[in-house]
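Subject: Structure handover

Dear colleague,

I am handing over the structure below, followed by notes on what was found in it. Please read the notes with the structure open beside them.

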Amino acid sequence: MLVLGIEGTAWNLSASVVDENDVIVQVSDQYVPSSGGIHPREAAQHHSSKISGVLKKVFNSVDPESIDGVAFSIGPGMGPCLRVVATAGRAISLALDVPLVGVNHCVAHIEAGMWKTDAVDPVILYASGGNSQVISRRGNYYRVFGETLDIGIGNALDKLGREMGLSHPGGPKIEKLAREGKRYHSLPYSVKGMDFSFSGLVTSAKTLLQKGIKREDLCFSFQETAFSMLVEVTERAMAYLDKDEVLLVGGVGANSRLRQMLSVMCSDRSARFHCPPDHLMGDNGAMIAHTGMKMLTHGLKTDIESSKVKPDYRVDEVEIPW
Ligand code: ATP
Ligand code: FE2
């Protein structure tokens, strides 16, 4: 079975064809803001101007007639971006006369991790730009046990990056600077019950920056504080739920310090730590295609009439039949 997946909830327009076992082809084209953070309308314009080129490249590698289904990211994400992707998905599904399926972007991050690691029943740390959640499967749903009360960890890193004059996305650049940091400056550590928040941390970091502390030390202190919050809640979820595995997913999962902290915590608890390969970590078409394939093989498809995008779609709204 071959499924085409189209992702474009925010910065990365990406289309991919997968079969049951692997990614056959993946073509991506990233929107880079001219200044500041992601502008939804600009990102949507990027996606609409690039989507035909991206799909042509995919169809250079895979004969469109061999596709058995079309999956697209239906939400959550930026409305204007989602609409571009949904329009393309509907058009291809109609043209090829194959079923269409709208995929929840967060479920797709998780399923990509479940596909390409040995994880069986993990606590999932989903750390990306717009989302930061501690999740685990209970029955037929992914349940959220803790989450950010304000912004996602990736957005927090990107905001700090902008304050420091770094171009978007700031996350990877902050990781590099943090490696050279030595001195820890205290920043607000904000875990409330099983939830956490990052905007106060960003504000305090800005103040320290204005005071002129070394950028490397600031990035180091920021990462240590924010990631400790994520690791604490992940560990508590493992204890409460009696789980002995962690799966890290989402764009911020590329960060090697976050991976290291989670793997130390896991080895202290004799637990296993998993994270998918890099090409499935940040937003990508293959995770949408793979999840779409699972949905289609379980009889789930999306009629054109009910394929309206869902900018606020949550991970715990999706019934998981597999
Ligand atoms: P979502 O809708 O899942 O929130 P997203 O649009 O944020 O997705 P992702 O690709 O999942 O997209 O995540 C992008 C985020 O990951 C950005 O905020 C970016 O700064 C961050 N990021 C990428 N690489 C790193 C890294 N090495 N260290 C820290 N953050 C990183
Ligand atoms: Fe994402």
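A nitrogen atom of ligand 1 is 2.8 Å from an N or O atom in the side chain of Glu175, which counts as a polar contact, defined for a ligand as a pair of N or O atoms within 3.5 Å. The protein covers 90% of the 650 Å² of accessible area that ligand 1 has on its own, with areas taken from the Shrake-Rupley method and a 1.4 Å probe. This is a predicted model, in which local features need pLDDT of at least 70 and side-chain atom pairs count only at pLDDT 80 or more, while totals for chains, interfaces and linings use all residues. Residues are numbered from 1 along each chain as its sequence is written, chains are lettered from A and ligands numbered from 1 in the order in which they are written, and side-chain values use heavy atoms, with hydrogens and water left out.

Two further contacts involve oxygen atoms of the ligand: a polar side-chain atom of Trp11 lies 3.0 Å from an oxygen atom of ligand 1, and a backbone N or O atom of Gly171 lies 3.2 Å from an oxygen atom of ligand 1.

Around ligand 1 there are 22 residues, the closest being Tyr126, Ser128, Gly129, Asp158 and Glu175, where a residue belongs if one of its heavy atoms lies within 4 Å. Helices α3 (105-116), α4 (153-163) and α5 (170-179) each supply at least two residues of this shell, helices being DSSP runs of H or I with at least four residues and strands runs of E with at least two. Because domain 1 (3-104 + 283-317) and domain 2 (117-275) both give residues to the shell, ligand 1 lies between them; the domain bounds come from an automatic or database assignment.

Turning to the backbone, the peptide bond from Gly75 to Pro76 is cis, with omega near 0°, and Pro76 lies in the loop between β4 (69-75) and α2 (79-96). The peptide bond from His168 to Pro169 is cis, with omega near -5°, and Pro169 is found in the loop between α4 and α5.

Kind regards

Notes:
A polar contact is a pair of N or O atoms within 3.5 Å; within protein, one must be able to donate a hydrogen and the other to accept it, and residues adjacent in sequence count only if both atoms are side-chain atoms.
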